[in-house]
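Visitor: I would like a close look at one part of this protein. Please take a single residue and then show me the chain around it.

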Amino acid sequence: MGFKNYILVCGGTGCESSRSDQIYHALIDEAAAQGVADQVQVIKTGCFGFCEQGPIVKILPEDSFYV
Ligand code: FES
């Protein structure tokens with residue numbers, strides 16, 4: 001069974017310095033709290049190239065982009 005949604009959280013150096021790791025863990029915890037951990041995969045990625053706007057979060061498949 002595949003995931004319905006993917007949440008990509010930048011784990012690059014710039015975003016990590018803006019505490020993206022806290023966002024990553026908070027999203028995992030919230031997916032579990034909402035009972036959708038089997039539908040949403042939270043993934044830490046490399047740099048998106050928008051470091052100055054970080055932390056960066058991208059949602060797939062809707063392709064939403066949060067800065
Ligand atoms: S470190 Fe996150 S966009 Fe570059």
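Guide: Start with the order of elements. From the N terminus, the protein chain runs β-α-α-β-β-β. That gives two helices and four strands. Keep in mind that this is a predicted model.

Now zoom in on Gly49. Gly49 sits in a loop. The loop lies between β2, residues 40-45, and β3, residues 57-60. Is Gly49 buried, exposed or partly exposed? Its relative accessibility is 48%, so Gly49 counts as partly exposed. The exposed class needs over 50%, and the buried class under 20%.

Next, look across to Gly14. Gly14 and Gly49 are 35 residues apart in sequence. In space, their C-alpha atoms are 9.5 Å apart.

The contacts of the whole chain can be viewed by sequence separation too. Take contacts between residues at least 6 apart in sequence. Of these, 66% join residues at least 24 apart.

Step back to the overall form. The C-alpha atoms fill a box of roughly 35 × 20 × 15 Å along the principal axes. The radius of gyration is 12 Å. A compact globule of 67 residues would have a value near 11 Å, so the chain agrees with that expectation.

Finally, the surface and the charges. Buried residues make up 24% of the 67 residues. The accessible surface of the chain comes to about 4200 Å². Carbon and sulfur atoms account for 53% of that surface. The chain has 4 positive and 8 negative charges, and their mean positions are 2 Å apart.

Notes
Residues are numbered from 1 along each chain as its sequence is written. This is a predicted model: local features need pLDDT of at least 70, side-chain atom pairs count only at pLDDT 80 or more; totals for chains, interfaces and linings use all residues. Side-chain values use heavy atoms; hydrogens and water are left out. Buried means under 20% relative accessible area, exposed over 50%, partly exposed in between (1.4 Å probe, protein chains only). The radius of gyration is taken over C-alpha atoms; the globule rule is 2.2 Å times the number of residues to the power 0.38. Contact means heavy atoms within 4.5 Å. Accessible areas come from the Shrake-Rupley method with a 1.4 Å probe; for residues, only the protein chains shown count as cover. Lys and Arg count as positive and Asp and Glu as negative; His and the chain ends are not counted. The place of a charge is taken as NZ of Lys, CZ of Arg, CG of Asp or CD of Glu.
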